[in-house]
Every structure is written in structure tokens, then in C-alpha cells.
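Here is a short briefing to read alongside the model. Keep the structure open as you go through the topics below.

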Amino acid sequence: MSAIVALGLTLSVAGLGLATALRAPAREAQAMANHPPQGQFVTVDGHQVHVVERGQPQGSAPDLVLIHGSNGSSRDMTFRLSPALEDAYHILIFDRPGLGYSDAVTGKGTSIQTQAAVLQKASASLGVDRPIVLGQSYGGAVALAWATQFPQHTAAVVNVSGVSHPWDAELPTFYKLTSSRLGGALIVPVLTAFVPKSYVRSSLKEVFAPQAVPEGFAEHFGLAMSLRRSSLRANAKQRANLLQEIEAIAPLYPQLEMPIEIVHGTADTTVGISIHAERLVQDSSTAQLTPLPGVGHMPHQTHTQSIVDAVNRAAARANLR
């Protein structure tokens, strides 16, 4: 009986492996067919970077760079935010390295410092030298890494629900597993192959809470794009490395001289306002915080005008108007 059980388990595992090997690439191909690149590609140090250019012609309006959060893409910024800003700004919207259609720079997880350097070079290659840099959530950390490394190429920073300071909580088990070599090889393909869209939609509700997910956002964003193996692995490694990278740049905030506008919901349970936004205001003499009472982690989707107002304040403070 034990031999039969062992044989059955072996066949089951083999069957799961075969199903995963067939299903994961098929789901990825379908996701990319349904959500193709919206922009163009530039090459930075041999790496492909996807950028969507929107708004006014270059040179006729202030330059604005938009940087998305964890396991997202430029589509997060093209749903409501960029359309609300296109009348007044020349906008570059990037897929962060390793996500969307942009190449990862390193297999160990592209750091916020390296991401900032890649996106700054990509912007410069398109003729944008000193933009307002807006980052949301994880993208806020990349925006601050940009400002600390390239202050001469930063007109202002707009930090939306952004990560800025070290925190005490341990890395969630999910990221511990999926950022490891074994988890990346075994667990991630199974997730890509079999995680139902209903589960991802449920997770999306948690990110938006206490506000509702706007109608049409999930379809525009392309949830299945975030389930691709390359995206899950890159995001997990970036998340696993983020704390030590934040610890490296946080001491540099007092040196920043450009205007910094912060917009953060008081009900944000993903990136807490007291741990991040309120400390950034304390550490930077140029930072101004606009708290949004009762608002969660996604104000650029649920309270878009508040973000537009912050960008306009940043432009005025930077003498771009």
C-alpha cells in the first residue's frame, strides 16, 4: 500500500508540474495580449524601459514623471491621474524596472536607488532633465531615491501614500517565500498558473479600503499582468530588499532643498501615515503634508483632485508656473 501511495503522490506532483508548465505561459500570453504596451521603449545601459508619454508637447509645459507602486505598471497612472494632469503638464509614465514591460536590472531585485538611476537616465534620453517626480506607495521610495541621488535633476517631489522611513514589522511570509530562490522556482509558477482572478480582485479591495475600487479599474490595470512569473519574482525581491534601502536614504532627507508635497490618507493601513509621511515632514524643511481624513492607500484613484492640487502646488513652489 505504501508503494502505491508513493507512486500516486509522485504522479500527482508530476501532473501538477506539467499542468503548471502548460498553464502559466498560456495565462501570461493572454494577459499581455489583453494589455499590450501603451507607450514606447527606450534603452538604458542595455536594459529596456517602457515609458508612456502623455500631455502637452515637451517644452510647452512643466515636466512630470509618474512612478507606480508595488507590482503595478504605468497603467495604474493612466487610469485617472494622468488624464487629470494632461492639460497642464508634459508627462512621462514609467514601468518600474522588472515590472510591466520594463526589464529588471538585476536578478537579485533592482534596488530603489538603481531604479531611480535608470528612470532618470531614461527621462534624460527623452529630453526631460528636471521634472517634478511623483511616486505612489513603493514608487514614493523610488521618487525619494531619485531626489537624494539627483537633486540637480529634480524640480520637486510629490509623495503619494509613499514609503519613506524604516518600519518595525517583519517581512510578510508571502514575500519571504516568493523572494527566495526555491520559492521563486516552485511557488511562483503555481501562483501564475492557478490563482483565480476572484482572489486577486479580493486583494485589490483590501488595498483600496475603506474606499471602493473604482469601476473599470481592474480591467484597465490588468490584474493578470501582475501574476506573471517575472513580475511576481521581481516584486517579491524588491519588497524583500526595501527596508535596508530605505534605511540608507532616510538620513539624507534633511539635505533635500527642492519642494516636497506629501499626500497621505489617515486610514491607510498599507503604508501608515505616522510611520512615513509624518516623519518625512519632520526630517525635511521643504516637505508639506496634506492628510486626507478617512482615506486609504489609493488616493490617486479615489481622490484624484487632491493629487492634482499637490502637483500644482509643487510646480508653483518650484517656479515652474
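Three charged, ten polar and five nonpolar residues make up the lining of the largest cavity. Please keep in mind that this is a predicted model.

**Cavity**

- The structure holds one cavity of 30 Å³ or more.
- The space inside the largest cavity comes to about 120 Å³.
- The lining of the largest cavity counts 18 residues, and the closest to its centre are S73, R75, G100, Y101 and M225.

**Largest pocket**

- If you look for the largest pocket, expect a volume of about 1,300 Å³.
- This pocket is lined by 39 residues, with S70, N71, Y175, V207 and N235 the closest to its centre.
- Helices α6 (173-178), α8 (197-208), α9 (217-221) and α10 (229-249) each supply at least two residues of the lining of the largest pocket.
- Which helix gives the most to the lining of the largest pocket? That is α8, with six residues.
- By residue class, the lining of the largest pocket holds 22 nonpolar, 14 polar and three charged residues.

**Second largest pocket**

- The second largest pocket has a volume of about 330 Å³.
- Its lining has 17 residues, and N34, H35, K197, L223 and A224 lie nearest the centre of this second largest pocket.
- At least two lining residues of the second largest pocket come from each of α1 (2-34), α8 and α9.
- Helix α1 provides the largest share of the lining of the second largest pocket, five residues.
- The lining of the second largest pocket divides into six charged, six nonpolar and five polar residues.

**Sheet**

- Eight strands form an open sheet with mixed pairing, and their order is β1-β2-β4-β3-β5-β6-β7-β8.
- At the edges you will find β1 (40-44) and β8 (287-292), each of which pairs on one side only.
- From one strand to the next, the twist averages 25°.
- Strands β3 (residues 63-67) and β4 (residues 90-94) run parallel and are joined by five bridges.
- L66 of β3 has I93 in β4 standing opposite.

**Helices on the sheet**

- Helix α4 (residues 112-125) lies across β1, β2 (47-55), β3 and β4, and runs at about 115° to β1.
- Helix α5 (residues 138-149) also packs on the sheet, where α5 touches β3, β5 (132-136) and β6 (156-160).
- The direction of α5 makes about 150° with that of β5.

**Where α4 meets α5**

- Two packed helices are described by the angle between their axes and the distance between the axes.
- For α4 and α5, the axes come within 8 Å and cross at roughly 70°.
- Which residues of α4 meet α5? On the α4 side they are I112, Q113, Q115, A116, A117, L119, Q120 and S123.
- The α5 residues in this contact are Y138, A141, V142, A145, W146 and Q149.
- The contact of α4 with α5 divides into nine nonpolar and five polar residues, with no charged ones.

Definitions and conventions
Residues are numbered from 1 along each chain as its sequence is written. This is a predicted model: local features need pLDDT of at least 70, side-chain atom pairs count only at pLDDT 80 or more; totals for chains, interfaces and linings use all residues. Side-chain values use heavy atoms; hydrogens and water are left out. Two strands pair if DSSP finds at least two bridges between them. Helices (H or I, at least four residues) and strands (E, at least two) are DSSP runs, numbered from the N terminus. Axes are lines fitted to C-alpha atoms, for helices over the stretch in contact, and angles run from 0 to 180 degrees between N-to-C directions. Contact means heavy atoms within 4.5 Å. On a 1 Å grid over the protein atoms alone, a cavity is a set of points where a 1.4 Å probe fits but cannot get out, and a pocket is an open set with protein on both sides within 12 Å along at least five of seven lines; lining residues have an atom within 4 Å of a point. Grid points are joined across faces, edges and corners, and a volume is the space filled by probe spheres set on the points. Ala, Val, Leu, Ile, Met, Phe, Trp, Tyr, Cys and Pro count as nonpolar, Asp, Glu, Lys and Arg as charged, and the others, Gly among them, as polar.
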